[in-house]
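Student: I have a new structure to read. Can you walk me through the features one at a time?

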Amino acid sequence: MGGRLNRLLQIRRDELGMVVLACAMFAATQSTHALGVNMADTLFFRRFGVEHLPTLFVVLGVVSVGVILLHGAGLARFDRRRYMPGLLAGAA
């Protein structure tokens with residue numbers, strides 16, 4: 001099964017360790033994200049109520065556009081081999 005999957009995904013033997021680590025990191029971040037979003041939503045609803053959701057979505061939209069623009073500028077300006085690991089370390 002593993003050999004078939006490696007051939008299907010075109011993973012070479014020397015890349016397997018990196019792929020396993022990337023999958024483990026993705027699984028860890030996604031599981032903690034799912035828990036964190038539920039907790040944050042619950043806290044927001046308890047403190048402010050649902051009537052403030054439109055304002056929250058507008059603010060999140062503006063912040064998201066700013067973050068995307070900064071990330072795009074960072075990708076264009078800095079060496080990606082150093083920028084992406086640095087970005088991950090900063091987020092951690």
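Student: Which residues in H3 meet which residues in H4?
Tutor: Contact means heavy atoms within 4.5 Å. On the H3 side are Leu70, His71, Gly74 and Leu75. On the H4 side they meet Arg80, Tyr83, Met84 and Leu87. By type, the residues of this contact are 5 nonpolar, 2 polar and 1 charged. Ala, Val, Leu, Ile, Met, Phe, Trp, Tyr, Cys and Pro count as nonpolar; Asp, Glu, Lys and Arg count as charged; the others, Gly among them, count as polar.

Student: Where does this model come from, and how are residues numbered?
Tutor: This is a predicted model, with residues numbered from 1 along each chain as its sequence is written. Local features need pLDDT of at least 70, and side-chain atom pairs count only at pLDDT 80 or more, while totals for chains, interfaces and linings use all residues; side-chain values use heavy atoms, with hydrogens and water left out.

Student: What is the mean pLDDT of the chain?
Tutor: pLDDT is the predictor's confidence in each residue, from 0 to 100. Here the chain's mean is 87, and 98% of its residues reach 70 or more.

Student: At what angle do the axes of H3 and H4 cross?
Tutor: Helices (H or I, at least four residues) and strands (E, at least two) are DSSP runs, numbered from the N terminus. Axes are lines fitted to C-alpha atoms, for helices over the stretch in contact, and angles run from 0 to 180 degrees between N-to-C directions. H3 spans residues 53-77 and H4 spans residues 80-91. Their axes cross at roughly 145° and come within 9 Å.

Student: Is leucine 87 buried, partly exposed or exposed?
Tutor: Buried means under 20% relative accessible area, exposed over 50%, partly exposed in between (1.4 Å probe, protein chains only). Leucine 87 has 38% relative accessibility, so it counts as partly exposed. Its place is in helix H4. Isoleucine 11 is 76 residues from leucine 87 in sequence, and 26 Å from it in space, C-alpha to C-alpha.

Student: How many aromatic pairs are there?
Tutor: Rings of Phe, Tyr and Trp (its six-membered ring) pair if their centres lie within 6.5 Å; planes under 30 degrees apart count as stacked, over 60 as edge-to-face and the rest as tilted. The whole structure has 3 such pairs. One is phenylalanine 44 with phenylalanine 45, edge-to-face, at 6.1 Å centre to centre and 70° between the planes. Phenylalanine 44 is buried because its relative accessibility is 17%. Phenylalanine 45, at 39%, is partly exposed. Another pair is phenylalanine 78 with tyrosine 83, stacked, at 6.0 Å centre to centre and 20° between the planes. Tyrosine 83 is buried at 16%, whereas phenylalanine 78 is partly exposed at 48%.

Student: Which residues form the aromatic cluster?
Tutor: Phe44, Phe45 and Phe48 form one cluster.

Student: Which side chains meet in a salt bridge?
Tutor: A salt bridge is a side-chain nitrogen of Lys or Arg within 4 Å of a carboxyl oxygen of Asp or Glu. The count comes to 1 here. Aspartate 79 meets arginine 81 at 3.6 Å, N to O. Aspartate 79 is partly exposed at 37% relative accessibility, and arginine 81 is exposed at 69%.
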